[in-house]
Amino acid sequence: MLEGVEFTEGTEREDFVGFKVRPKIIVYPKDENDVVKVVNYARETKTPIVVWGAGTSLSGHLMCEGCILLDVSKYMNKILEINDIDWYARVQPGVNLEFLNKKLMEKGFFFPPDPASFFLCTVGGATANSSGGMRGVKYGTFRDWILALKVVLPNGKIVKVGEPLRKNRGGYDLVHLFVGSEGTLGIITEIWLRITPLPKRKVYTILAYMNSLEDTAETIVELRRKRILPEISEYMDVDVIKALNKHLNANLKESEGGAFIISIEDDYLTEIKEILKGREFIITEEEEAERIYSIRAQAAIALRAESKYMFVEDIVVPVSKLIEAIRKLKEIERKYRIRMPVIAHIGDGNLHPNIMLDDISLAEKIFEEVARIAIELGGSISGEHGIGFQKAKLLAEQIVSHNGEEVLRIMKGIKDLIDPYGIMNPNKYVELAYNTWEKK
Ligand SMILES: Cc1cc2nc3c(=O)[nH]c(=O)nc-3n(C[C@H](O)[C@H](O)[C@H](O)COP(=O)(O)OP(=O)(O)OC[C@H]3O[C@@H](n4cnc5c(N)ncnc54)[C@H](O)[C@@H]3O)c2cc1C
């Protein structure tokens with residue numbers, strides 16, 4: 001049944017975090033017809049399919065035993081079209097995000113969502129995850145930039161959902177059902193992304209050494225009160241800075257209060273200088289600004305080298321509750337006497353405390369306590385990394401407490417409707433959330 005499709009025996013892989021992926025076979029489709037053959041084979045042999053982009057997801061999205069691992073990065077990695085009138089790019093799922101942006105920039109465009117894994121991840125993986133990133137504060141996440149998709153469904157049919165239009169009221173919004181579905185509803189084989197012209201205004205990047213994380217959160221609140229919208233507003237605490245200096249020669253000052261990186265249009269420069277008064281800061285542009293951006297992007301990689309196990313949280317709270325969330329995080333750090341370095345897209349309330357452990361016996365407990373801070377404060381357990389295997393139980397808690405059980409049932413109903421065979425990345429995300437909740 002897999003006639004003409006390239007595949008090998010399954011060998012074990014690990015994702016970025018170290019979750020194990022143990023496939024029965026690994027398939028390298030050349031086009032969507034190969035994907036259809038694989039799906040039909042999976043359905044008939046009742047074998048789960050897990051799609052592999054670049055393996056950089058952070059919540060056990062790809063874990064499997066005896067699955068078919070469908071690796072789209074080897075062949076399905078082309079940019080098919082850059083339309084400079086209708087302002088979209090049409091790509092295959094395995095294209096690397098940084099490569100796409102380089103090609104767009106040559107034509108005066110860019111695609112704003114920029115997960116810090118942009119130099120590693122695929123557009124398909126980031127679409128299936130609805131990734132965000134450093135520009136999220138201004139431009140949102142992948143969800144805000146996907147116009148249309150081609151998807152191979154679990155029944156083997158190929159569908160196109162959405163249109164490459166800025167406005168489209170054609171029926172229920174199926175595009176955004178697949179964006180962020182983590183490979184549980186179908187295999188994305190083509191993506192139409194909205195693109196936008198490169199900004200003309202001058203943008204400065206300021207690196208400020210703050211008094212503390214709380215101090216940075218207070219600064220964010222002040223920016224919001226003053227109606228200042230940055231391009232980027234990121235935070236890294238001193239542990240993160242030390243890891244960057246040690247592993248990547250970042251040459252940053254190891255200031256106890258951590259560093260705040262903010263990029264703003266030149267109009268705001270005077271106001272920002274006033275807001276940051278009393279702290280040490282440098283104003284950069286062009287190459288130095290790029291260097292700082294690139295250092296920030298590699299923060300998780302530097303931290304990963306620092307401990308045996310690292311669990312990356314991705315909580316979001318309303319900006320008005322940031323300071324409360326930070327105090328609660330510090331309490332957890334003290335209670336368990338652990339290191340929990342914080343990287344944050346602080347401008348949009350998205351905190352990444354990284355739970356660093358040598359012994360994982362307490363990992364689940366700590367992970368859940370951190371996530372519950374977000375649930376209690378009206379936030380979310382995931383802003384951009386997604387749910388995978390690791391956060392499914394917490395997803396159920398969040399949906400039931402914020403939205404109600406009926407919403408969880410509707411979500412499970414959607415999974416059952418589109419994948420009644422249970423072959424698409426099973427026992428994760430919504431399905432696992434629902435099953436965990438139902439058993440209680
Ligand atoms: C150093 C580092 C920094 C990061 N920083 C950020 C950040 O700032 N913001 C952020 O949002 N995320 C960040 N991430 C995580 C980010 O979410 C992932 O990098 C990205 O979303 C996944 O890309 P990938 O190509 O590796 O996909 P994978 O990890 O391979 O797959 C992700 C999920 O999508 C599914 N999938 C993949 N391709 C398809 C397809 N074609 N069709 C259907 N399903 C598919 C997979 O089965 C899986 O469930 C970071 C990760 C790392 C390692």
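N96 caps the N-terminal end of helix α2, with a side-chain oxygen 3.1 Å from the backbone nitrogen of E98. The model is predicted, and the distances and angles below are computed from it.

**Helix α2**
- Helix α2 spans residues 97-106, and its buried residues are L97, L100, N101 and L104.
- These residues lie on the same side of α2, because they cover an arc of only 95 degrees around the axis.
- Just after α2, G108 adopts a positive phi of about 85 degrees.

**Cysteines**
- A search of the whole structure turns up 1 disulfide.
- That disulfide joins C64 and C67, whose sulfur atoms are 2.1 Å apart.
- A disulfide is a covalent bond between the sulfur atoms of two cysteines.
- Both C64 and C67 are buried.
- C121 has a relative accessibility of 5%, and therefore counts as buried, the cut-off being under 20%.

**Annotated domain**
- An unreviewed UniProt entry places the feature "domain: FAD-binding PCMH-type" at residues 19-198.
- In the model, the end C-alpha atoms of residues 19-198 are 38 Å apart.
- The span of residues 19-198 is 22% helix and 28% strand.

Definitions and conventions
Residues are numbered from 1 along each chain as its sequence is written. This is a predicted model: local features need pLDDT of at least 70, side-chain atom pairs count only at pLDDT 80 or more; totals for chains, interfaces and linings use all residues. Side-chain values use heavy atoms; hydrogens and water are left out. A disulfide is a pair of cysteine sulfur atoms within 2.5 Å. Buried means under 20% relative accessible area, exposed over 50%, partly exposed in between (1.4 Å probe, protein chains only). Helices (H or I, at least four residues) and strands (E, at least two) are DSSP runs, numbered from the N terminus. The arc is that of the directions from the helix axis to the C-beta atoms. A polar contact is a pair of N or O atoms within 3.5 Å; within protein, one must be able to donate a hydrogen and the other to accept it, and residues adjacent in sequence count only if both atoms are side-chain atoms. UniProt positions are given in the numbering used here, feature names are shortened, and annotations may be inferred rather than shown by experiment.
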